[in-house]
Amino acid sequence: MKYDFDNKVDRSGTNAAKLIGYKSYIFHADDTMELPFKDDEFIHLWVADMEFACAPEILDAIRARLDRQILGYTVNSDSRLYDALNTWCKERYDFEFKREELVLSAGVVPAIVRLISYIVKDNEKVLFNTPAYGQFANACRINQKEYITSDLIKDKDGKYTIDFEDMDKKMAQADVPLFILCNPHNPTGRSWSEEELEKITELIKKHDMWVISDEIHCDLRRADASKHIPLGKVMPDYDKLITCMAASKSFNVAGLSESSIIIRNEKLRKQWLFYSDGLVNPLSHEGTIAAYTKGSDWLKECNEYLDGNFELVNTYLKEELPEIIITPSETTYLAWVDFSNYFEENEKVELFFATKAGVLIEADKAFVDNANRMVRINIACPRDYLKEGLERMVDSIKNKHDEPFFD
């Protein structure tokens with residue numbers, strides 16, 4: 001391989017949220033919380049950024065911009081980002097969009113927060129599927145808006161499907177104008193099929209819904225998975241669709257804080273632009289353009305490495321914990337694992353693994369609902385590091401889980 005994904009980059013002293021933010025984010029506690037492991041003794045398999053070095057092509061582009069010596073106010077005034085992203089989507093997904101539809105945000109989550117404030121009126125609600133990326137619910141809370149959920153259906157092998165009958169009923173409510181689709185789905189790793197997306201489209205049109213399609217994980221695919229299908233490809237003329245994309249997950253550049261938001265509706269887009277200053281971070285902008293123009297080889301090798309990590313998770317956990325259920329992954333770098341046969345309902349799974357194994361993961365209510373004793377494991381890390389984390393988790397269950405863990 002051209003790139004080294006076995007190298008564990010030292011992130012100490014970089015203010016990495018993964019290393020210093022776990023007490024507040026996972027446990028909703030402050031720094032006075034005491035755990036039997038020191039910060040540098042934990043295996044961090046939680047927040048969704050990678051432990052892989054960024055593609056050197058991206059770093060080179062940022063260095064080249066630094067060499068220009070001035071980092072003044074910067075705007076997205078040329079077509080380079082549009083050309084890069086539109087070409088990326090056209091070549092990979094047979095999906096195109098108009099340049100005027102593209103606006104920029106400091107992240108997909110901040111964009112969703114803003115869009116909810118524009119679309120959802122007082123006493124109206126937002127709909128999304130559960131288990132869900134927890135920030136969907138948080139975006140509603142920030143806007144003081146309620147949300148309702150439609151549970152995905154999980155079969156005995158851990159595969160999830162959509163309950164279209166339930167979604168139809170929820171969308172039919174007069175006070176639910178917005179549906180947030182996670183495409184592909186976080187945390188389950190489902191890649192929605194064309195047939196499923198067409199059924200979703202039928203319901204959206206039937207109920208005249210606004211829809212935000214969060215497609216941030218679309219570039220991270222298993223070798224045997226079908227290619228990503230943007231909702232915008234299935235709904236080529238639907239005006240009330242917003243598509244959210246970013247290089248952040250695919251290329252491990254979340255800290256650059258630049259996301260691409262494709263807004264078709266002219267009125268909504270004007271509202272967005274009215275409340276925007278039009279400025280971009282000059283380094284983030286060059287890094288994002290470089291990701292889409294020069295990062296394909298790095299991404300290909302990254303996906304191949306992730307395939308091996310998923311195989312390790314499947315093989316090792318199933319051998320050591322035969323009653324475990326691992327959802328077949330099609331996308332993302334997040335393994336979704338059902339530990340319900342090893343914990344009682346409502347046990348504090350996150351705290352158990354932190355306390356007994358020294359492994360930080362996210363579970364349960366972090367994914368809103370329909371996720372009790374479900375664990376999301378971030379496997380985007382060197383294989384030896386992942387293996388140590390899995391071994392610690394298995395050992396903690398085999399040897400120390402002799403009574404319910406409720407505190």
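Trainee: Which residues form one aromatic cluster?

Mentor: The model under discussion is predicted. In this model, one aromatic cluster is formed by Phe5, Phe52, Trp88, Phe251, Tyr292, Trp298 and Tyr305.

Trainee: Which ring has the charged end of Arg92 over it?

Mentor: A charge counts as sitting over a ring if, for Arg, CZ is within 6 Å of the ring centre and within 35 degrees of the ring normal. The charged end of Arg92 is 3.8 Å from the centre of the ring in question, which is that of Trp88.

Trainee: Over the face of which residue does Lys8 lie?

Mentor: Lys8 is placed 5.0 Å from a ring centre. The ring belongs to Tyr385.

Trainee: How many aromatic pairs are there?

Mentor: Rings pair if their centres lie within 6.5 Å. By this rule, the count of aromatic pairs is 25.

Trainee: How many residues apart in sequence are the parts that the pair of Phe352 and Phe405 ties together?

Mentor: Phe352 and Phe405 form an edge-to-face pair, with 5.5 Å from centre to centre and 80 degrees between the planes. Phe352 belongs to helix α14 (residues 349-357), while Phe405 is in the segment after α15 (383-400), so the pair links parts whose separation in sequence is 53 residues.

Trainee: Are Phe352 and Phe405 buried or exposed?

Mentor: Residues under 20% relative accessible area count as buried, and those over 50% as exposed. Both Phe352 and Phe405 are buried.

Trainee: What is the relative accessible area of Val75?

Mentor: Val75 is found in strand β2 (residues 74-75). Together with Tyr73 and Leu279, Val75 forms a nonpolar patch on the surface. Val75 is partly exposed, because its relative accessible area is 44%.

Notes. Residues are numbered from 1 along each chain as its sequence is written. This is a predicted model: local features need pLDDT of at least 70, side-chain atom pairs count only at pLDDT 80 or more; totals for chains, interfaces and linings use all residues. Side-chain values use heavy atoms; hydrogens and water are left out. Patches are made of residues with over 30% relative accessible area and no salt bridge: like charges are joined within 9 Å, nonpolar side chains (Val, Leu, Ile, Met, Phe, Trp, Tyr) within 5 Å. Accessible areas come from the Shrake-Rupley method with a 1.4 Å probe; for residues, only the protein chains shown count as cover. A salt bridge is a side-chain nitrogen of Lys or Arg within 4 Å of a carboxyl oxygen of Asp or Glu. Helices (H or I, at least four residues) and strands (E, at least two) are DSSP runs, numbered from the N terminus. Buried means under 20% relative accessible area, exposed over 50%, partly exposed in between (1.4 Å probe, protein chains only). Rings of Phe, Tyr and Trp (its six-membered ring) pair if their centres lie within 6.5 Å; planes under 30 degrees apart count as stacked, over 60 as edge-to-face and the rest as tilted.
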